[in-house]
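Colleague: I would like to go through this model feature by feature. Please give the general idea each time, and then the case at hand.

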Amino acid sequence: MTKAKSNTTETRGFETEAKQLLHLMIHSLYSNKEIFLRELISNASDAVDKLRFEALSDPSLLEGLGDNAQPSVTIDFDAEKHTITLSDTGIGMSREEVITNLGTIAKSGTAAFLEGLTGDQKKDSQLIGQFGVGFYSAFIVADSVEVLTRRAGTQTATLWRSSGEADYTLEEAEKAETGTSITLHLKADETDFADSYRIRSVVKKYADHLSIPVLMEKEDFSAPDSESEEKAEPKPKEYEVVNAAKALWTRSRSDVSDEEYNEFYKHISHDFEAPLNWSHNKVEGKLEYTSLLYLPGRAPYDLWNRDAARGLKLYVQRVFIMDEAEQFLPLYLRFIKGVVDSNDISLNVSREILQQDPAVESMRSALTKRALDMLEKLKKKDLEAYTTFWKEFGLVLKEGPAEDFANKERIAKLMLFNSTQSAGSEQDQSLEDYAGRMQEGQEKIYYLVAESAKAARNSPHLEIFRKKGLEVLLLSDRIDEWLVSHLRDFDGKQLQDIGRGELDLGDLDDESTKQAQEEVEKKLEGLVSRVSEVMGEKVKSVRLSHRLTDSPACLAVDDNDMGLQMRKIMEASGQEVPEVKPIFELNPEHPLVVKLDLEQDEERFGDIAEILFAQATLAEGAQIEDPAEFSARLSKLLMTLG
Ligand code: ADP
Ligand code: MG
């Protein structure tokens, strides 16, 4: 069937990464073999979309299709030869394109992905689902594959052949029409795939939602007539469409099953697993468009890669225009996958034009609202699924308040935090939950930023809040300090960092407490100035604390100083970080502090003050400057024990 034009065959090795991936594919995905058909049909559909798009500006590209002009993919099989062939009327590939597309893996982050593999086939097969299996899935069922392809607008075809091991061959070949035809030679134990019923049911399952018609030979149910069989002319093959062949988003919601929504998601996202939720809307009026947004259940391996694919698939009047149209959603919603099909954008739009189109701008703000709606609904309907989402993408959503001022309050409502009310270290409390539990007289939402959930939970800063039964949000994600610097209030209540500035509990402290505080301050004036002298330049100031009950001392950050997390972020990005000195606070109620006040021996006084300072530093989760000195001082003191 596939004839080489000349006898010069070039053999090339697969790129190392492609080889690794091939190996993994063949050995990890054995439990779901039929997906190869989905992947190959999905590629055919993409290729047909691309041709239609390129033909918008160069109609001559369609000439190579001959009589075959209907966009389609045809599946033939031969039960005796054990082959399946998929032929599409798509864009086809040039020789160079064959080499890059089928011999290498161009996806960004491939190396990182491969490094992340565990060698455990079960786990790896889940990972590979995230990566998107694509063309190589043909080798799950085939021991050799031929790709005969002719790029639209060119005359010669290329024949690619491989058995999926180390290398592949390339030959110049002939092909009557442009497009691609892929033949799988099925492995000995996979031959039952070459069966009409089997293929049809897989196509139904995986390709019903695609707009591309999938054609198969019409089944001939007439009884075989043994006498006339030999004389009969071979009948010309007749084909029929075996899938619904209507772009899913153009159908009405009530017409589409969950199963179909799931499959369509897999087609556009390259994810293996079902999405958590979706939102399908047709908008009519000044602007006309249809959108279908999906919320994935799992972060892709390259979520934090700057060049990672993001954005929606853009169609204009059902014609595919581009993948990864980033203009339709803000960055903090970059995990959303989906399709937008507009009637108002020009067919020959470019990325640059999209950026300036006011129609795009208003679609963006509407789609942002849709996406937030979808999240709100999920949170209401299925908190467990929402928690899954939050674990995977919460860090991204936390970028929201800084990027999207207009929707700040809505985004804030979607956030989950760990708090002193949480049972464990999970982020499971919303700001609304917190607000609902606020005490009478409490005006602010209290939070504490720390290095880790554990450090936050054990921080001495919480002592007074525990005593008074006041809830505190415990923030330990690296982005949190930055988040709260943009999210200054919620529902009219100010967010207050309890590790910062002088603690003022406002009306929560009664008059007598305030009076007592003033008295003790007067009484311990001398102690404070003696400790200040010992500390010298190490601290910004020394003062008495009203936030401690059990610990003798703690460190606080001055109101306008940069916190530890923010300094770390700046340091990591190579910026100069301003020096920040802590405020050293002493607990006037603590016996150690009371004793210290009475200490006459200046050397001992100095040692105790230094030890208290070191302890307070450690409690912040920070490092002490001179551990050896600290340890020497501590030993000296311990020696004096009776
Ligand atoms: P993906 O579809 O995610 O890009 P695949 O492994 O499925 O990855 O395919 C790799 C590339 O090979 C495609 O991006 C496309 O450029 C090319 N390709 C695969 N199948 C076809 C086809 N039937 N027609 C044209 N190009 C194809
Ligand atoms: Mg593909």
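Colleague: Which residues around ligand 1 come nearest?

Modeller: A residue is near a molecule if one of its heavy atoms lies within 4 Å of it. Twelve residues are around ligand 1, and Asn43, Asp88, Asn101, Phe135 and His270 come nearest. This is a predicted model, in which local features need pLDDT of at least 70 and side-chain atom pairs count only at pLDDT 80 or more, while totals for chains, interfaces and linings use all residues. Side-chain values use heavy atoms, with hydrogens and water left out; residues are numbered from 1 along each chain as its sequence is written, and chains are lettered from A and ligands numbered from 1 in the order in which they are written.

Colleague: Which atom of ligand 1 is 2.8 Å from an N or O atom in the side chain of Asp88?

Modeller: The general idea is the polar contact, a pair of N or O atoms within 3.5 Å; within protein, one must be able to donate a hydrogen and the other to accept it, and residues adjacent in sequence count only if both atoms are side-chain atoms. For Asp88, a nitrogen atom of ligand 1 lies 2.8 Å from an N or O atom of the side chain. With Asn43, an oxygen atom of the ligand is 2.8 Å from a side-chain N or O atom. Phe135 takes part through its backbone: one of its polar backbone atoms is 2.9 Å from an oxygen atom of ligand 1.

Colleague: How much of ligand 1 does the protein bury?

Modeller: Accessible areas come from the Shrake-Rupley method with a 1.4 Å probe; for residues, only the protein chains shown count as cover. Ligand 1 exposes 520 Å² when taken alone, and the protein buries 81% of that.

Colleague: What does the shell look like by class?

Modeller: Ala, Val, Leu, Ile, Met, Phe, Trp, Tyr, Cys and Pro count as nonpolar, Asp, Glu, Lys and Arg as charged, and the others, Gly among them, as polar. On that scheme, the shell around ligand 1 has four nonpolar, five polar and three charged residues.

Colleague: Which residues touch the most other members of the largest nonpolar core?

Modeller: A nonpolar core is a set of buried Ala, Val, Leu, Ile, Met, Phe, Trp, Tyr and Cys residues joined through side-chain atoms within 4.5 Å. Buried means under 20% relative accessible area, exposed over 50%, and partly exposed in between (1.4 Å probe, protein chains only). The largest core has 71 residues, of which Leu314, Phe328, Leu333 and Leu397 touch the most other members. Helix H11 (residues 358-381) gives the largest share of this core, nine residues. At least three residues come from each of domain 2 (248-391) and domain 3 (415-498).

Colleague: Where do the domain bounds come from?

Modeller: From an automatic or database domain assignment. Besides those two, the division has domain 1 (4-219) and domain 4 (520-557 + 577-639). The centres of domain 2 and domain 4, taken over C-alpha atoms, are separated by 55 Å.

Colleague: Where is Gln317 placed?

Modeller: Most residues other than glycine have a negative phi. Gln317 has a positive phi, near 45°, and sits in the loop between strand S12 (312-316) and strand S13 (319-325). Gln317 counts as partly exposed because its relative accessibility is 40%. Glu324, found in strand S13, also is not a glycine and has a positive phi of about 55°.

Colleague: Is Thr149 buried or exposed?

Modeller: Thr149, in strand S4 (residues 142-150), counts as buried because its relative accessibility is 1%. Its side chain makes a polar contact of 2.8 Å with the side chain of Thr180.

Technical notes. Helices (H or I, at least four residues) and strands (E, at least two) are DSSP runs, numbered from the N terminus.
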